[in-house]
Amino acid sequence: ATASAAAGAPETQTPDYDAVIVGAGFSGMYQLHRLRQLGMRVRVIEAGDDVGGTWYWNRYPGARVDIESRHYSYSFDDELQQEWDWSERYAAQPELLDYARHVADRFDLHRDITFGTRVSALDWQDRQHAWTVTTDSGERLSSRFVILATGCLSVPQEPTFDGLDEFRGEVLYTSRWPHEGVDLSGKRVAVIGTGSSGLQTITAIAPEVASLTVLQRTPNFAIPAHNHPLTDDDRAWIKENYPQLRGQDFESALDFYVDDSQVLFAEHDEAEIDAVLEERWRRGGLGYTRAFADSLLSAEANARLADFARAKIRERVADEKLAQKLMPFDYPVGAKRMCVDTGYFEVYNRDNVRLIDIGEQPIEGFTASGIVVRAPEGRGGREEIDVDVVVMATGFDAMTGAVDAIDITSDAGSLRDKWQDGPRTYLGLMTADYPNLFTITGPQSPSVLTNMMTSIEYHVDFISRMLEKMTAEGTTQVAPRPEAEEHWVNLTNDLGALTLMPKAQSWYMGANIPGKPQALMPFVGGSHVYINYCEGIVVGNYHGFAFG
Ligand code: FAD
Ligand code: N01
């Protein structure tokens with residue numbers, strides 16, 4: 001049932017809704033606002049009990065953005081950005097959730113959102129040009145369009161360990177942290193996972209817990225945040241400069257301006273290189289890898305960035321052997337998501353913190369009182385670590401997890417089957433044979449490699465413009481042409497293969513989920529390139545899309 005084959009007016013009555021949006025994080029909220037402005041009848045369905053998505057669910061201690069708030073915030077409404085005051089350079093989760101609630105109140109979004117309800121199935125009705133949407137409360141409704149605002153990092157990865165059920169302490173997931181908070185003071189705590197969530201949690205709880213055991217499978221590169229409270233003057237400056245800041249964001253590779261270098265590594269002389277890296281380190285944040293134009297293309301350039309970052313770890317950790325264990329050696333900088341930290345490595349100078357390298361001391365399982373690992377080399381046998389609380393900071397089934405969790409079918413069969421070897425999309429926005437179904441920041445768009453707020457706004461605007469055009473023209477169906485999709489899949493894969501990204505076992509590659517097909521999921525060509533490409537497609541009368 002491709003769009004072109006099914007061209008023509010739909011057979012029966014008007015669907016219940018013009019659009020159903022799945023998810024009420026920053027994507028779903030803005031999409032609702034935009035479609036309302038077009039006069040569409042819209043319903044949002046959200047599994048959580050409030051807006052905010054990521055910032056509703058991830059309430060672990062220390063959770064905060066790794067992109068400064070002046071970039072990581074909505075740009076679509078000037079009054080909104082002028083009236084909102086960020087308290088810190090990098091906002092923390094409670095403030096981000098407040099911000100999401102403020103936006104929902106300000107634009108009166110709640111009345112069109114059904115909370116506490118999960119979309120379980122979507123079935124395309126080719127003759128009606130509409131989707132049948134089924135929820136876990138048993139409701140069925142029809143909608144012309146469905147927009148998946150389901151998030152790239154919204155399905156937690158919950159690894160199993162032998163004996164976990166027998167553990168009598170508390171098991172907490174960073175991604176589903178209890179809303180009432182948890183008092184960890186004086187407790188013996190273990191954290192499994194040293195990605196961004198793990199690093200932030202570890203840094204925040206180390207001073208208050210009795211003992212902290214960190215179980216590290218892969219060490220991570222971390223760049224200092226240099227976070228600080230914003231002064232009134234800072235806020236005034238930001239508000240005054242928003243037009244310029246936002247303009248720069250939409251024109252940059254990462255969707256936030258970090259002064260991307262245009263100079264290749266080899267064009268620098270030796271003396272310059274350290275100065276360039278020191279300056280990037282001083283600025284802090286994710287712009288570190290933009291120090292050279294080819295940081296993620298040239299193994300030599302990348303190795304230098306890695307050496308420099310490792311030397312910084314050495315400076316921060318008193319014990320040399322421990323510092324060595326905390327250094328990543330096995331993958332290029334930036335090929336796994338870098339962390340942005342505030343005092344992470346210094347945590348290991350504390351007497352109450354112990355690092356277990358899972359490579360040397362694998363986790364053998366759990367007992368009623370704690371975790372069993374292999375004893376340190378030379379000692380033989382097992383070691384039992386008694387703890388009161390285990391924190392799983394074990395990540396997400398990223399990018400495709402939330403889409404795959406919904407049973408999506410059309411005449412072409414199941415989308416899960418279509419994507420069994422990896423996602424296939426056109427522009428990361430739609431997939432052939434599943435008409436009128438959009439993914440915001442979907443796989444094969446820049447999404448997770450960028451400031452997500454900017455990527456979200458661009459996708460929402462793209463979708464909204466397309467639906468406005470369709471309404472004006474009286475068309476009721478759109479899908480990518482299979483050959484356009486084939487081209488885009490090949491282009492994104494080929495671009496990815498030119499970079500160092502596939503050299504890491506990362507969640508970008510699906511490598512963190514046992515059995516998941518390995519494919520580089522985000523588009524690596526830069527958001528500025530992507531936006532220009534998409535705008536070219538719009539100018540070309542939505543080249544590659546078939547309307548009916
Ligand atoms: P989400 O915020 O994930 O919202 C999706 C919503 O859809 C969720 O509320 C979920 O409950 C709902 N949902 C999913 N499936 C269904 C279903 N079947 N039925 C009903 N509802 C469903 N990005 C950055 O750019 N900068 C950062 O600093 C940054 N920090 C992050 C920190 C953490 C801890 C995490 C986990 C992610 C971070 N991200 C960051 C990425 C972040 O996910 C995005 O920035 C952004 O919040 C995504 O918004 P979203 O609305 O697209 O998705
Ligand atoms: O998840 P992760 P995350 N046994 O997948 C380990 C965003 N974010 O929630 O690396 C033992 O990065 C796993 O080990 P390995 C950001 O985009 C941003 O931390 O696979 N260990 C890894 O160390 C980020 O990248 C912020 O070898 C196991 C960790 O668990 C993304 O969300 C904050 C294991 C998971 O790390 C995901 O980050 C938080 C097992 N069975 C999140 N399974 C900001 O700072 C997994 N691990 C803005």
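User: How do the residues of the shell around ligand 1 divide into nonpolar, polar and charged?
Analyst: There are 17 nonpolar, 12 polar and 3 charged residues in the shell around ligand 1. Here Ala, Val, Leu, Ile, Met, Phe, Trp, Tyr, Cys and Pro count as nonpolar, Asp, Glu, Lys and Arg as charged, and the others, Gly among them, as polar. Please note that this is a predicted model, in which local features need pLDDT of at least 70 and side-chain atom pairs count only at pLDDT 80 or more, while totals for chains, interfaces and linings use all residues. Residues are numbered from 1 along each chain as its sequence is written, chains are lettered from A and ligands numbered from 1 in the order in which they are written, and side-chain values use heavy atoms, with hydrogens and water left out.
User: Which residues come nearest to ligand 1?
Analyst: Ser27, Glu46, Thr54, Asp66 and Tyr72 come nearest, out of 32 residues around ligand 1. A residue is near a molecule if one of its heavy atoms lies within 4 Å of it.
User: And which backbone atoms lie by an oxygen atom of ligand 1?
Analyst: A backbone N or O atom of Asp66 is one of them, 2.7 Å from an oxygen atom of ligand 1. Met452 has a backbone N or O atom 2.8 Å from an oxygen atom of ligand 1, and for a polar backbone atom of Phe26 the distance is 3.1 Å.
User: How much of ligand 1 does the protein cover?
Analyst: On its own, ligand 1 has 980 Å² of accessible area, and the protein covers 95% of that. Accessible areas come from the Shrake-Rupley method with a 1.4 Å probe; for residues, only the protein chains shown count as cover.
User: Which element gives the largest share of that shell?
Analyst: Helix α2 does, with 3 residues. The elements that contribute two or more residues are α1 (26–37), α2 (54–57) and α12 (452–473). Helices (H or I, at least four residues) and strands (E, at least two) are DSSP runs, numbered from the N terminus.
User: Now ligand 2. How many residues surround it?
Analyst: Ligand 2 has 25 residues around it, the closest being Thr194, Ser197, Arg217, Thr218 and Lys336. They divide into 10 nonpolar, 10 polar and 5 charged. Helix α5 (residues 196–205) gives the most to this shell, with 3 residues.
User: What lies by the oxygen atoms of ligand 2?
Analyst: An N or O atom in the side chain of Ser197 is 2.7 Å from an oxygen atom of ligand 2. A polar side-chain atom of Gln200 lies 3.0 Å from an oxygen atom of this ligand, and a backbone N or O atom of Ser196 also has a distance of 3.0 Å to an oxygen atom of ligand 2. The protein buries 88% of the 910 Å² that ligand 2 exposes when taken alone.
User: Changing topic: how many salt bridges are there?
Analyst: The count comes to 39 salt bridges. A salt bridge is a side-chain nitrogen of Lys or Arg within 4 Å of a carboxyl oxygen of Asp or Glu. One of them joins Lys516 and Asp397, whose closest N and O atoms are 2.6 Å apart.
User: Where do Lys516 and Asp397 lie?
Analyst: Lys516 is in the loop between α13 (482–497) and α14 (527–539), and Asp397 is in the loop between β16 (389–392) and α10 (401–404), so the pair ties together parts that are 119 residues apart in sequence. Lys516 is buried, at a relative accessible area of 13%. Buried means under 20% relative accessible area, exposed over 50%, and partly exposed in between (1.4 Å probe, protein chains only).
User: What about Asp98 and Arg101: how far apart are they in helix α4?
Analyst: They are 3 residues apart in helix α4 (residues 93–106), which means about one helical turn separates them. Arg101 is partly exposed at 31% relative accessibility, and Asp98 is partly exposed at 42%.
User: Finally, is His129 buried or exposed?
Analyst: His129 is buried, with a relative accessible area of 1%. The residue sits in the loop between β4 (119–125) and β5 (130–135).

Technical notes:
Polar contact = N/O pair within 3.5 Å; in protein donor to acceptor, adjacent residues only side chain to side chain.
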